[in-house]
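Colleague: I would like to learn how to read helix packing and aromatic pairs in a model of this kind. Could you take me through a few cases, giving the general idea before each one?

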Amino acid sequence: MSLLSQLASDYQTGSVRGITSVCSAHPSVIRATLREGFRTGATVLIEATCNQVNHEGGYTGMKPADFRRFVEGIAAEVGFDTAKLILGGDHLGPNPWRSRPAEEALAKAEIMVAAYVAAGFTKIHLDASMGCAGEPEGLDDETTAHRAARLAKVAEAAAREAGLAGPLYIIGTEVPTPGGALHELDDVPPTAAAAARQTIATHRHVFAEQGLEEAFGRVIGLVVQPGVEFGHEKVVVYRPERARELVAVLRDETQFVFEAHSTDYQPEAALAALVRDGFPILKVGPGLTFALRQTLYGLDLIAAELDSGYGGRALADAMESLMLAEPGYWQRYYPGTPDEQHVLRHYSYSDRIRYYWPHEQAEQAVARLMQALAGRTIPLPLIAQFLPEELEAVFAGDCPATAEALLERGVERVLALYARACEPC
């Protein structure tokens, strides 16, 4: 039995433990994730979203089989045993094609789901909650469940055809806004307990009606809103007392745990409380690339101090130029004056700068930065000034004072926080 399939029984018996779901396609984040897994011997869960990776390539240019090869290639580099690797597909449904009529969008979603399963992704989040052309933005439980069952039927057939075991499923769609809220955050109420029960009951009924009882038996989790969120400049922290009625649903629905999305930037105590309360799958994405950007910008400042020929903030300047030239990933998300938008472009918790790192111009700027610092031992006072969060690890001998080590250390520090929160309790 896999770790994921044991989460519900472990929770019911009081042996609570969690797992971090890393939602990123950035090679430095994947490398840091697998290095941390190699160091600890833990199972690693890495997920791709329908927009990042799909049968048409997604915004990464990768199909599911490409993403698997990409991750496994990095695993080979760092010595991570892929027997301990779980790959998941997140928000798999019609979302990338929702501007099209429902039937056309769902037909594409079917092809995508089949490609994920055939590529060996064993955790599948069925998300058909969004309306397509001419439909309401959010669909009712009944329609969503029928579309999820349709996708599950395709997934089951793809697994059989590939000679693979049927995947584990996640259902439910009441989640924080992907990539962070677009509005000012004041209060984020948890999902109502009655709504969670209704979602489960409706999916159970529809799956049975479609002859998918066996597949429903492999539904391990429900996505709900635990009351966590982040926006451009604010984080709403988990408050256990507000989620008590929601958590009580798990006393009756013993097949399930909850999956917590957008846990980025939560303090360690809040993450540990989520795991304890039945949210053992902690999804994080922008929080990791935010840490990566922090480290890159710190190294950018260090390079400017160490190398007079490097220029001022060469990397930050290159990223500003790129984002202004190609504003599609940030413009409609970041409001305000030009100065306010400048700050958000580089420092927002939503971290929409992450979409630009694969761009050739960004890759060249990062390569120039790393070349400027190659072979150097970075003086401790400069680490203290520009990367103070890494100083303790350098002093302890856990991180060499080099640009390469410091770059991965920023992401590893966040992953270590999640690992501690997920420890059995």
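Colleague: At what angle do helix 2 and helix 3 pack, and how far apart are their axes?

Modeller: Please keep in mind that this model is predicted. In general, two packed helices are described by the angle between their axes and by the distance between the axes. Here helix 2, residues 27-40, packs with helix 3, residues 64-78, at an angle of about 50 degrees, and their axes are 9 Å apart. That angle makes helix 2 oblique to helix 3, and the crossing in which helix 2 passes helix 3 is right-handed.

Colleague: Which residues of helix 2 and helix 3 make the contact?

Modeller: From helix 2 come Pro27, Ile30, Arg31, Leu34, Arg35 and Phe38, while helix 3 contributes Phe70, Val71, Ile74, Ala75, Glu77 and Val78. Sorted by class, this contact of helix 2 with helix 3 has 9 nonpolar residues, no polar ones and 3 charged ones.

Colleague: How would I describe helix 5 and helix 6 by angle and distance between axes?

Modeller: Helix 5, residues 141-162, and helix 6, residues 193-209, pack at an angle of about 45 degrees with their axes 9 Å apart, and they are therefore oblique to each other. Helix 5 passes helix 6 in a right-handed crossing. Among the residues that meet are Ala145, Ala148, Ala149 and Ala152 in helix 5 and Thr199, Thr202, His203 and Val206 in helix 6. By class, the contact of helix 5 with helix 6 has 7 nonpolar, 6 polar and 3 charged residues.

Colleague: Turning to the aromatic rings, how many aromatic pairs does the structure hold?

Modeller: There are 15 aromatic pairs in the structure. For Phe67 and Phe70 the ring centres are 5.9 Å apart and the planes stand at 50 degrees, so this pair is tilted. Both Phe67 and Phe70 lie in helix 3, 3 residues apart, which is about one turn of the helix. Phe67 counts as buried, because its relative accessibility is 0%.

Colleague: Is the pair of Phe230 and Tyr265 stacked or edge-to-face?

Modeller: The pair is edge-to-face, because the planes of the Phe230 and Tyr265 rings are at 80 degrees, with the ring centres 5.2 Å apart. Phe230 lies in strand 7 and Tyr265 in the loop between strand 9 and helix 9, so the pair ties together parts that are 35 residues apart in sequence. Phe230 also counts as buried, because its relative accessibility is 0%.

Colleague: Which residues form one aromatic cluster?

Modeller: Tyr59, Tyr329, Tyr355 and Tyr356 form one such cluster.

Conventions. Residues are numbered from 1 along each chain as its sequence is written. This is a predicted model: local features need pLDDT of at least 70, side-chain atom pairs count only at pLDDT 80 or more; totals for chains, interfaces and linings use all residues. Side-chain values use heavy atoms; hydrogens and water are left out. Axes are lines fitted to C-alpha atoms, for helices over the stretch in contact, and angles run from 0 to 180 degrees between N-to-C directions. Helices (H or I, at least four residues) and strands (E, at least two) are DSSP runs, numbered from the N terminus. Angles under 35 degrees count as roughly parallel, over 145 as roughly antiparallel, 65 to 115 as roughly perpendicular and the rest as oblique. A crossing is left-handed if the near helix is turned anticlockwise from the far one by less than a right angle, and right-handed if clockwise. Contact means heavy atoms within 4.5 Å. Ala, Val, Leu, Ile, Met, Phe, Trp, Tyr, Cys and Pro count as nonpolar, Asp, Glu, Lys and Arg as charged, and the others, Gly among them, as polar. Rings of Phe, Tyr and Trp (its six-membered ring) pair if their centres lie within 6.5 Å; planes under 30 degrees apart count as stacked, over 60 as edge-to-face and the rest as tilted. Buried means under 20% relative accessible area, exposed over 50%, partly exposed in between (1.4 Å probe, protein chains only).
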